[in-house]
Each structure stands twice: as structure tokens, then as C-alpha cells.
Amino acid sequence: MTLDPLLPPKIPTLPPQRFAARRDHLLQEIGRGEPVQHAQSHRRRVFFAAAVTALLGIGGAAAAVSGFDLLAELKRSDDRPWSPPEFQPVASRIEVARGPDWSFVAWKSAGGVCLGYAAGTAINWAVSCGRSLNRASERPNSSNYLITLLVHSSESASATTRSAADGRGAIMGAVALDVARVDLEMADGRVLSTLTQSSRGLDASARLFIVREQLRLDRSAIRAVVLYRAGGERLERLSLD
Amino acid sequence: MMEHLGDDELWRRAQDGDAEAFGSLFDRYGNAVYGYCFRRTADRAVAEDLTSVVFLEAWRRCRSVALSGGHALPFLFGIATNVVRNQRRALRRYRNVLRRLPPLETEHDFAEDLAARIDTENRMRLVLVEAQRLPRPEQEAIALHWEGLTTAEAAAVLDIPESTFRTRLFRARGRLSRATASGADSERIAPAKE
């Protein structure tokens, strides 16, 4: 690819709905009066991330699910007695991305930043939560930049779990704000690269990413996670072997 | 309704408190500002938020500012330049305001569109990688050039003489041309050596 410094790549404009929403928001804020709020700076407690991946099956859920609505399913589970406290949201959950039969959501919880994913059916979903690492910590095998990782394979583990119709699994993560790009080194030799994205409404010091590909059932399919700053500087290579 | 009005008339009305007039300026330049913010950040979500911040700042300051040359875009790019330079502070400052934006529809299939998004963003990021190696004055010069501003307009945005802007742009082009002709693998951002 030749880079022409005089003609950068054409970029799309804002989609009409988003443009209109931004315009409406602007005029509403103008109507409110002085829009500037002085931010309160505060120190945030950060400590070692303990990534917890749990596949929680709730087969036979009483609530009928029309359409694919993972947010609704998670909300229903919040009130159940077995729902772990570290998964409970402290702010609204957001849907980060979705397809016809899959959904990737994120939220802030007592456990830090949580990621949720479901495919094929919204009633079986996976969750992973983690906290930012205190960079002063010297705990071994800890990551300074990867907050949490969630993997959903292409293959069904049992009769109660399903996959997306397109046959793809997903690898999702939350990373520190410094991270602009993630490389996933797979055991089969592939390197899956993706850019991270900020996500409005999450209200957390984290960026998110998702890669949807054919994935083996075994999570050991990921050999390492390599994290880069914008500009290409490698921040960390985290081995998962 | 106000499409026929020039920037200077819309600006005057906005200064008198006419929000719809200011909304017409958003209609006119919202995408240009978004494009500029995206080119500087290579992140769509951040570029959208910064676009909102730029127009909120412009509204906050419009009463104390007279448009130069009767066009609003250079003024908006001037604000955008400062907002991008200090984006973390800007986003923090307007955090509560941005929280009041209603949830926006997610793209229907993030993954299917991902290749196109990543391609666009990767290419932008690669250009930015090289551009970010430039001294900041040259970065800003090339970014405003990309937005199609004339030399005079871009110099006004940066509050520098035109001759200074031309010099910065000339140097930026030269450095970027040499960098992109170096034969490096342009499809991946090169990781730091071990």
C-alpha cells in the first residue's frame, strides 16, 4: 500500500441518525444553559486484575425471549440470588456491538469492568470481569494493560450452549486507555489484529475490542496477547501458555 | 430554513441566542469537524464526542468572537485543533454533558463492517503514525491541509503568518514523503524491537 501524504484516506461522514442525534443533543444542551461542568479529579483505586470467566447457563429460563436481547437477559439475572455480587452493575450496561444472533455488552461493576457475550441464544451468556492493575504492583504474571478477556468459541460445548449462525466465535477484551491495538497470537499460527475502541456510556477507564473468527473450543487457542500504543510501540506481550 | 443565510448572519443570530441558527452551522460543518477529529485521532467514537465538544465550546465562546472573513469553519477548526491537543481534558470537562446524549444505535454488524472500518482506520492510523513523528506544528499544518483549508485560512486557524504555515506544510510533506517511500511494511504498525 502506498501512502500518499497529500491525500489521506477518505473517511465516511457521520451516519444521518447519529448526525441528527448529535445535533439534537447540542441544541438541548444549549437550551439548558451553561454546559460546562468542571470535572472533579479523584484518585482511583486500582489493583490487580483477577479475570474471571464464567459460563453461566440458565437453560429453561421462565421468561420468554422475543428477539435477541442480551441486555434484558442480564437485567433479569441481576435479581437472582446466585448472581455474583462482582457482576452487579453500578452503572448502565451498554451494548457495544451486535449481529443478528449475537451481542457484546459491557458495564462497570463492583468487580471492575465486565464484558458479556451471547451467541445463538441470549439465555446462555458468558461474563468476564476485571480491574485495572496497580502498576506499582509487582505480582508475577499480571498484566499492566489487559483488564479482562472473554472468549466464546465457535463450537458448542453442550446442548445448552449454541453458536452464532455464521459459525464465528468471539474474543473480546477490555484494556487500559493506552492500548490502541491488540494482536492475538493463536496456537494455530494465526495472528488476529484489531484496533481498540473507546465506548461511550461505559464510564470506565478502559478501551474495548472484539474479534470474531473461527475459534477452537479450547481457550488455549490463544497463545499470547500483545498490546500496542498508538504509534506502534509495544506495551506488553502477555503469554497465556 | 436557514440554508440560504451566510455563516456571518448565522453567527450573528447565534450571538443573539438563536440556537437554531447555531444548529444550522452544525448542519453545515458538523461532518467537516468530525472528519478533522477522526483524521487526528483515528477513532470514530472519540471523534464523535470531540465533535460535540467543539460545537459546545464554539457556542460558549460565540458571543465574544467575531468571525474572520465571514466563515465559521476556520474558527471551528481552531477550536478543534485545541480540543484534539487536549482531548482527555476536553472529554473530562464535558463528561456530564456527553453522558446526557441518548444511547445511539449500534452498528448492525460490527464484525461484518469491521474489515472496512479497520481498513479505513488502519490506513488512517498508518498515516497518523508517520504524521505523529512530525513536530507538532507540522502535524497541525498537514492536518489542516487535508481538510482543504486555504493557506490563509489555515494560518488564521493556527494564528501564524501565512509564510510560516507554508514552510511548515512544505517540511511536513517532505518528511511524510520520505517516510512513506522508505519501503517499510505499511500494512502493520511496526512493534517496538525487543
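Two strands are taken to pair if DSSP finds at least two bridges between them. In this predicted model, strand 8 (residues 179–186) and strand 11 (residues 222–229) of chain A pair in the antiparallel sense, over 7 bridges. Within this pairing, A:Val179 stands opposite A:Arg229, which belongs to strand 11 of chain A. Strands of a sheet pair through backbone hydrogen bonds, in either a parallel or an antiparallel arrangement.

Elsewhere in chain A, A:Ser142 is found in the loop between strand 5 (124–130) and strand 6 (146–152). The relative accessible area of A:Ser142 is 16%, and because buried means under 20%, this residue counts as buried. A:Ser142 and A:Leu238 are 96 residues apart in sequence, whereas the distance between them in space, from C-alpha to C-alpha, is 8.3 Å.

In chain B, B:Asp159 is found in the loop between helix 9 (151–158) and helix 10 (162–180). With a relative accessibility of 69%, B:Asp159 counts as exposed, since the cut-off for that class is over 50%. The phi of B:Asp159 is near 60 degrees, a positive value in a residue other than glycine. Most residues other than glycine have a negative phi.

Methods. Residues numbered from 1 in each chain as written. Chains lettered and ligands numbered in written order. Predicted model: local features only at pLDDT ≥ 70, side-chain atom pairs only at ≥ 80, totals over all residues. Heavy atoms only, no water. Helix = DSSP H or I, 4+ residues; strand = E, 2+ residues; numbered from the N terminus. Buried < 20%, exposed > 50% of the residue type's maximum accessible area, 1.4 Å probe, protein only.
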